[in-house]
Amino acid sequence: MNETAVPGAAGGTPVLRARGLRKHYGKDAALVRAVDGVDLDVDAGETVAVTGPSGCGKSTLLHLLGGLDRSSAGEIWLAGRRVDQLGERALARLRREAVGFVFQAFHLMDELTAVENVELPGLLAGQSPRAARRRAAGLLERVGLADRAGFLPAALSGGQRQRVAIARALVADPLVVLADEPTGNLDSEATLDVLRLFDSLHAAGQTLIIVTHDSRIAATADRLISMRDGDFVDQTRLTGGTTGSLGTLAGLEG
Amino acid sequence: MGKLMLIGRLAARDIRRHRARAALLLLAITAATSVLTLGLALRGVTSHPYQQTRAATNGPDVVAYLPVLHQPGHRPEVSPEAAALTRAAGVTGHAGPFPDVWAVLRFHGLTAGAEVQGRAEAPGPVDQPELTAGSWVRPGGVVIERSFAEALGVGVGDRVTLNGRTFTVAGIAVTAARPPYPNLCYVNAGGCMGDFPSGTQIPARDIGLTWATGPDAAGLVTPADPLAAYVVELRLRDPAQAQAFVTAHSESQDNAGPSNLAAWPGIAAADGLLVQDEQDVLSPGALLAALLAVASVAVLAGGRMAEHSQRTGLLKAAGGGPGLVAAVLLAENLILALAAAAAGLLAGWLAAPLITSPGAALVGTPGAPSLTVATAGEVTAVALVVALVATLVPAVRAARISTVRALADVARPPRRRPGLIAVSRRLPVPLLLGLRLAARRLRRAALSTASFAVTTTGLVAVLSFHVAAGQYQAASAGGLPDPAVTRDGQILLVITVVLIALTVLNAVCAAWTTALDARAASALARALGATPRQVSAGIAAAQVMPAVPGALLGVPLGIELFAAASHIGRLVVPPTWWLAAAVLGVLAAAAALASIPAWAGARRPPADILQAEAV
Amino acid sequence: MQQEVVLAMLAKEPSHGYELRARLQQALGPAGDAMNAGQIYVTLGRLEKAGLVTCEQAAGLADRPDRKVYALTADGQQRVTEWVTDVSWPGPGLAEFHLKLIAAAAARLADPLAIIDAQRRELLRSLRDTQRAAMAEPDGSDAALLLEGIVLRLQADLRWLEACERKWTGRKDRS
């Protein structure tokens, strides 16, 4: 396995690096290029938002980065280690230790309480039940749901469920958290809660890659990438202030 | 009327759309009905051939043993009181008295007991045994009863020794006067009296009937072992009164009167003991097969509840009510059950002659036992009941679900089992996954346990049979094979094969259904870091874990079943390592059968599955 | 009628009053139905007074506003250029931005996609600031409600900008 580290733009090793990433389905006339030659560098502590119309391949890209799917071509490095050629067992370890995933549909187990859902990755990783439970309880507190630890998902609101899912993604203290349309199924208040959570994660130095339709999330990212037809078309850093003020936006004459 | 047609059409269309499932259901119920048909077919067999033999041999209505008067210096003769029997009221004819001698028969290293009757060379008016090979008795030539001859392996022309004297086998014959080997001594109120020379002990089941000339028979007697009895065979004016005649004349208690009278119905019954044995094996076998069929059908009908919900939702959306929905579901399975009943009846009818050639001794083969309307009715009823019982729960549930929920839901959401979840936390990952998966569908797990219990019960009962048969053979000094045991063994083999086939069917279907249901959950587990191997092992474990208590339960149940069916007075317990091998074999088979669909399900990348389904 | 819009309409070339009106009506479609001729001419008059536009009478025609030929002055030109690159928001309505794009394309003042992109970035920055302010508010404060309103409007506007981008990309591809 090629272990050479590739230096990033900031001089340090980027947490995640992708070169020439492709994912194709079908062939000949039915060939679909879901992801078509994507290059990406993500530094530690960065929040990157990927936006684009539906069908542009952003979810597929995220699945490739998280090891949930295999690329047709291209290379991915995670903390300097090449990960696109890993076998299933190593990929599973990767998902256990280095990558946390948050889904649009939450994907919590309906018959497990919040804390049982959060401790699951720990149990799968072979931690002792007590240690896994302790960590899960701590993470639930971190996301502000300590009083809901014993609730079933059916008894939680959409926003609370997503926060439980985020807590679950943080169990292994991952290198990067990948979120696929995390607010897709949430109303605006729940979205705000999730936004707050992402913000606090960012402040704590967590690297986040978020695929989203939601411009609110895109706006608070460090870097905003637009994707179309399987490739990036634009990368923006939203630096600087605005010409108007909140007052003008609110309709007060400035 | 229109509604019935609608139901029928919908049911038929549904069956066409899910051919594999329909075929499996059909297979399961057919297996059960075939075994059942076989069992029922045997019931009509026994009396028939005996009647044929009786007619062909002028069989007697009463057979009596008359004690012998030994007067020093005189030939042994029948006591006058006993002799008066031939002139009793209602007697229209008789044969004998024939001398009846017990001899030790040896042939090619086998030792058996022979009840030798001395007969005239010319045929008599009552009880003339029918020759199936060779010729009748002559000086130096004996005739051996057919099933006895088969067990010994003698043919015409072979030489046997009786009490040390050599004779040639002149012929082989059948008779209606005594039950055939090995049931010779099992006539009720009859039995064998007499000792073998020199006090040799020969078990009752090793004794067969032999005929010789009068002088030859008399010659077998020694001063140390004098003649024990004469046999007289009576014809009555009214054969139906035979039992009453026997009762009337047995009441005299004194030694000089006739003893050991047997009426022809009793002989017929003993005659049928072989077939009775077979029935004793077939009935529990059929029951076990039916239970497994119920389990299979329940799994198949209840599996993929999602499909059902969707189907019923659409039905309802199209305007049918809960009644229609339930009716269509039931109709589907009842149609299949009817087809299975027909197939099972056919299969059983074709296979019956192999089983029911009713012991070698009875003349003629009755051919295929006629399929009475009663049999057909019973088998059909059982098939319908099996289908009904197994599909009642899904049908009722389908009928009660509201349309919107049926269309929206993927499946019934799993119930939470806090105890099992807590326990599973401490287990290694595959068992953790397996236990939680099984806990999601506890009813299916219970069905699996029951199914494996039934299978193991069958296997252990068969093992007990073999142990008992072995003990039996060991007790039989002469080394003669017992046709009942041989025949029972053959039938048990057939039943075992059917049970195993049904179990395999059950296990594969359950495993496939579980793997499908678990698809989303296992995709999530893999997304959270479980390896495909752990997930496959988990799905397989979800199948094997319910099998363990089932297999263990089957051991005592199998022993009990054999004890109940076999009329042996005690429990026959197979050796521990046989039982361990049976249990472990069943569990290994369960694991193997479960792992194929489990492995197949764990291969795909989790992304696809998670996109499509909610967990 | 916004003054800058009218100015932009003249950026390509001088035109008659009626030509201007026609172009505006075509660009606005049903949204321009409520617009009456007078509004344009009043604006033109103001622009003339402010020295951003010159007005010529075509020789031999009656003294009617629709027959006059209007053209930009140098000041007017500069004003237009500033206006095209201005990203302040919200404007008085969507029509202004819409016409900005059309005018920019027609007069080759700037690439419409670049205008859209710049405005999008500005809106995102505004969204970012609003969002940060919203997160800093305590739960249930009245201000939070106002901020949510701003957020929702900005989101809606951003979605429209995406639609503009799609449309103008298609137009560019075809031309």
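How far apart do the C-alpha centres of domain 1 of chain C and domain 2 of chain C lie? They lie 30 Å apart. The legends below describe a predicted model.

**View 1. Chain C and its two assigned domains.** The domain assignment of chain C gives domain 1 as residues 1-86 and domain 2 as residues 111-175. Between the C-alpha centres of domain 1 of chain C and domain 2 of chain C the separation is 30 Å. Along its principal axes, the C-alpha trace of chain C spans about 70 × 40 × 30 Å.

**View 2. Secondary structure of chain C.** Chain C holds seven helices and three strands. Read from the N terminus on, the order of the elements of chain C is α-β-α-α-β-β-α-α-α-α.

View 3. The mean pLDDT of chain C is 83, and 91% of the residues score at least 70. Within chain C, confidence is lowest in helix α2 (residues 17-28), where the mean is 82. Confidence in chain C is highest in strand β3 (residues 69-72), at 90. For the complex, the predictor gives an ipTM of 0.86 and a pTM of 0.73.

**View 4. Contact between chain C and chain A.** This contact takes 23 residues from chain C and 19 residues from chain A. On the side of chain C that touches chain A, the elements giving two or more residues are α6 (112-136) and α7 (142-174) of chain C. Of the elements there, α6(C) gives the most, with 13 residues. By class, the side of chain C that touches chain A has twelve nonpolar, five polar and six charged residues.

**View 5. Contact between chain A and chain B.** Chain A and chain B meet in a contact that takes 26 residues from chain A and 26 residues from chain B. On the side of chain A that touches chain B, α2 (88-97) and α3 (114-124) of chain A are the elements that give two or more residues. The residues on that side of chain A divide into 14 nonpolar, three polar and nine charged.

**View 6. Helices α5 and α6 of chain A.** The axes of helix α5 (residues 158-169) of chain A and helix α6 (residues 188-203) of chain A come within 8 Å and cross at roughly 25°. Angles under 35 degrees count as roughly parallel, so α5(A) is roughly parallel to α6(A). The crossing of α5(A) and α6(A) is right-handed. From α5(A), the contact is made by A:G158, A:G159, A:Q162, A:R163 and A:I166. From α6(A), the residues are A:E189, A:A190, A:D193, A:V194 and A:L197. The residues of this contact of α5(A) with α6(A) comprise four nonpolar, three polar and three charged.

**View 7. Helices α18 and α19 of chain B.** Helix α18 (residues 519-527) of chain B packs with helix α19 (residues 532-566) of chain B at an angle of about 150°, and their axes are 10 Å apart. Angles over 145 degrees count as roughly antiparallel, and α18(B) and α19(B) are therefore roughly antiparallel to each other. The crossing of α18(B) and α19(B) is right-handed. In this contact, α18(B) supplies B:S522, B:A525 and B:R526, while α19(B) supplies B:P532, B:V535 and B:I539. By class, the residues of the contact of α18(B) with α19(B) are four nonpolar, one polar and one charged.

How values were computed:
Residues numbered from 1 in each chain as written. Chains lettered and ligands numbered in written order. Predicted model: local features only at pLDDT ≥ 70, side-chain atom pairs only at ≥ 80, totals over all residues. Contact = placed C-beta atoms within 7 Å. Helix = DSSP H or I, 4+ residues; strand = E, 2+ residues; numbered from the N terminus. Nonpolar A, V, L, I, M, F, W, Y, C, P; charged D, E, K, R; others polar. Axes fitted to C-alpha atoms, helices over the stretch in contact; angles between N-to-C directions. Parallel < 35°, antiparallel > 145°, perpendicular 65-115°, else oblique. Left-handed = near helix turned anticlockwise from the far one by under 90°. Domains from an automatic or database assignment. pLDDT = per-residue confidence, 0-100.
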